[in-house]
Structures are given as structure tokens and as C-alpha cells.
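Here is a structure to explore step by step. Could you walk me through it, beginning with a single side chain and ending with the whole chain?

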Amino acid sequence: MHQTIFGLIDAIRAGRIAREEEAAHGAWDHALSSARHDAGQMSTLAKAAVTMALDAQDEAAELRAEIARLRRAVDQRDAVIRSLG
């Protein structure tokens, strides 16, 4: 039952993420279509895209650092458990 509940929660999250991504892609598509014949708007969109990409890289780096911290914590915990056994 525990696995079923968490499976449902994961499915709900996956559906929400898919909807959010679809909405974001739709918004970019609309923005690009609207700016098609306006160099100023295209430049603004390009700057926004670059900023978003850099922010995503920063977030990914932060997540990698957090994963490394968690792995070290798990390794330390495992070492303590082994020393007690």
C-alpha cells in the first residue's frame, strides 16, 4: 500500500510537471510567433532565454553540490553503522 500511495504521488507530480512544461513551451512559442517580424522583441527574447539558461546552469550546479553533500552524509552514516556492527 505504501508503494502504491507513493506511486500515485509520483504520477501526480509527473503530470503536473508535464503540464507546466507544456505551458512554458506554449508561452515561448507564442512569444516567438509574436516577435517574428520585430528585431527588438527577438533580441529581448534572446536575452531572456540566455538568462534562463544561465539560471538553470546555476541551479544544476547547486543541485550537484547538494547531491555531493548528501552522498557524503550517507557515506558517513554507513561508516558509523559498520563501526557499530
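R16 counts as partly exposed, at 37% relative accessibility; here buried means under 20% relative accessible area, exposed means over 50%, and partly exposed lies in between, using a 1.4 Å probe and protein chains only. Keep in mind that this is a predicted model, where local features need pLDDT of at least 70, side-chain atom pairs count only at pLDDT 80 or more, and totals for chains, interfaces and linings use all residues. Residues are numbered from 1 along each chain as its sequence is written, and side-chain values use heavy atoms, leaving out hydrogens and water.

Now look at the partner of R16. The side chains of R16 and E20 meet in a salt bridge, at 3.3 Å from N to O; the term stands for a side-chain nitrogen of Lys or Arg within 4 Å of a carboxyl oxygen of Asp or Glu. Because R16 and E20 are four residues apart in helix α1, about one helical turn separates them. E20 is partly exposed too, with 46% relative accessibility.

E66 pairs with R69, their closest N and O atoms being 2.6 Å apart. Both lie in helix α2 (residues 39-84), three residues apart, which is about one turn of the helix. E66 is partly exposed at 33% relative accessibility, and R69 is partly exposed with a relative accessible area of 43%. Further along, the side chains of D78 and R77 meet in a salt bridge of 2.7 Å, N to O.

Charged side chains are not the whole story. M1, I5, F6 and I9 form a nonpolar patch on the surface, with about 410 Å² of accessible area together. Such a patch joins nonpolar side chains (Val, Leu, Ile, Met, Phe, Trp, Tyr) within 5 Å, each residue having over 30% relative accessible area and no salt bridge. The areas come from the Shrake-Rupley method with a 1.4 Å probe, and for residues only the protein chains shown count as cover. F6 sits in helix α1 (residues 2-34).

Finally, step back to the chain. Its secondary structure comes to two helices and zero strands, where helices (H or I, at least four residues) and strands (E, at least two) are DSSP runs numbered from the N terminus. The C-alpha trace spans about 70 × 30 × 5 Å along its principal axes. Buried residues make up 2% of the 85 residues.

Conventions. Patches are made of residues with over 30% relative accessible area and no salt bridge: like charges are joined within 9 Å, nonpolar side chains (Val, Leu, Ile, Met, Phe, Trp, Tyr) within 5 Å.
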